[in-house]
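Student: I've got this model open and would like to talk it through before I set anything up. Can we start with the overall layout and then go to the details?

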Amino acid sequence: MQTMSSTMPMQTPQDLFIHELSDTLSAEQIIVEMLGQAQGMVQNPQLRQGLQKHQQESQEQAQRVQQVIQMTGQQPHPVTCHAAQGLMQSLMDVVQSGPSPEVLEGAVVAGAIKTEHLEIAGYTGLIEKAQAMGQSEAAQLLQQNLQQEQAMLQQLQGISQQLTQQMASMAMAQDGSSASATL
Ligand SMILES: [Fe+2]
C-alpha cells in the first residue's frame, strides 16, 4: 500500500489541501469501479440508470479534481482513499454471502448512500479550504461536483424508501404464509 508519510512531510494548509484532493481523486476512481460493478447487481431500471449516469458523472468529477490539483502547480499525492475502499469491501462482503436479489439491491443502495455522504463531506471541506485560500476557480469546480453528489443522494434516498417498503411487504407476506401453514 502506498503512503506519503515517510517521503513528503505535510507542513502547510496547502499540503493538506493537496493531500485531501488526492484522496478525493482516489475515491472517485474507486467509486467509478464500484458503480460499474453495482449496475450488474440490480434489477430496478431506475436504480440501474441512476448508477450508470453517476458513473459518467464520477469520471467528470475525477477530471475536475485533477484540474484543481493542476491549478495548484503540484502533482497529486499517490494515496488510496481507505474510506471508499472500505465501502467497496463492505458491498463485496454481501456479494460473497450469496444474497437474494432483493438483499443485493438493498446493499447496493445502502452502500451508494454511504458513499455519497462521504463524498459530500469531502467536497464541503475542500470548498471551505479553497474559499479560505482565495482559490475561487477551484471552489467553483468543486461546487459542481458537490451538486452532482447531492442530486445523486436525493435520488438514492427516494429509491431506498421504495425498496424498503417493498422488502417490508414481502417480509409481512412471508410471515403471513408461514403463520397460515402452521395452522
Ligand atoms: Fe463522486
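Student: In what order do the elements of the chain run from the N terminus on?

Tutor: In this predicted model, the elements run α-α-α-α-α from the N terminus on, and the count for the chain is five helices and zero strands. Along its principal axes, the C-alpha trace spans about 75 × 30 × 25 Å.

Student: And what share of the contacts joins residues at least 24 apart?

Tutor: Taking contacts in the chain between residues at least 6 apart in sequence, 81% of them join residues at least 24 apart.

Student: What percentage of the residues is buried?

Tutor: Of the 183 residues in the chain, 40% are buried. The chain exposes about 10,100 Å², and carbon and sulfur atoms supply 52% of that area.

Student: Which residues touch the most other members in the largest nonpolar core?

Tutor: That core has 44 residues, and those touching the most other members are Leu 21, Leu 47, Leu 51, Val 68, Val 108 and Leu 142. Helices H1 (13-39), H2 (45-71), H3 (82-96), H4 (101-132) and H5 (136-182) each supply at least two of the core's residues, and H4 gives the most, with eleven. As a general background, nonpolar side chains in soluble globular proteins tend to be buried together.

Student: Take Val 108 from that list; what does it touch?

Tutor: Not counting residues up to four places away in sequence, Val 108 touches Ala 38, Met 41, Val 42, Leu 51 and Leu 91. Met 41 turns up again with Met 92, which is in contact with Gln 37 and Met 41 once its neighbours within four places in sequence are left aside.

Student: Where is Met 92 found?

Tutor: Met 92 is found in helix H3, and it counts as buried because its relative accessibility is 15%, below the 20% limit for that class.

Student: Now the metal; which residues coordinate the iron ion?

Tutor: The iron ion is coordinated by Glu 28 through two OE entries, by Gln 61 through OE1, and by Glu 119 and Glu 149 through OE, at 2.0 to 2.4 Å. Along the chain, these donors follow the spacing E-x32-Q-x57-E-x29-E.

Student: Why do Glu 28 and Gln 61 count as buried?

Tutor: Glu 28 is buried because its relative accessible area is 0%, and Gln 61 counts as buried because its relative accessibility is also 0%.

Student: What about Arg 64, buried or exposed?

Tutor: Arg 64, which lies in helix H2, counts as buried at 13% relative accessibility. Setting aside residues up to four places away in sequence, Arg 64 touches Leu 141, Gln 144, Asn 145 and Gln 148.

Student: How many positive and negative side chains does the chain have?

Tutor: There are 5 positive and 16 negative side chains, and the centres of the two sets lie 4 Å apart.

Student: Last one: which helix holds Leu 163, and what does it touch?

Tutor: Leu 163 lies in helix H5 and is buried, with a relative accessible area of 8%. Apart from residues up to four places away in sequence, Leu 163 touches Asn 44, Leu 47, Glu 105 and Val 109. Leu 163 and Val 103 are 60 residues apart in sequence, and 9.9 Å apart in space, C-alpha to C-alpha.

Notes
Residues are numbered from 1 along each chain as its sequence is written. This is a predicted model: local features need pLDDT of at least 70, side-chain atom pairs count only at pLDDT 80 or more; totals for chains, interfaces and linings use all residues. Side-chain values use heavy atoms; hydrogens and water are left out. Helices (H or I, at least four residues) and strands (E, at least two) are DSSP runs, numbered from the N terminus. Buried means under 20% relative accessible area, exposed over 50%, partly exposed in between (1.4 Å probe, protein chains only). Contact means heavy atoms within 4.5 Å. Accessible areas come from the Shrake-Rupley method with a 1.4 Å probe; for residues, only the protein chains shown count as cover. Lys and Arg count as positive and Asp and Glu as negative; His and the chain ends are not counted. The place of a charge is taken as NZ of Lys, CZ of Arg, CG of Asp or CD of Glu. A nonpolar core is a set of buried Ala, Val, Leu, Ile, Met, Phe, Trp, Tyr and Cys residues joined through side-chain atoms within 4.5 Å. Donors are N, O and S atoms within 2.8 Å of the metal (3.2 Å for Na, K and Ca); water is not among the atoms, so sites may look incomplete.
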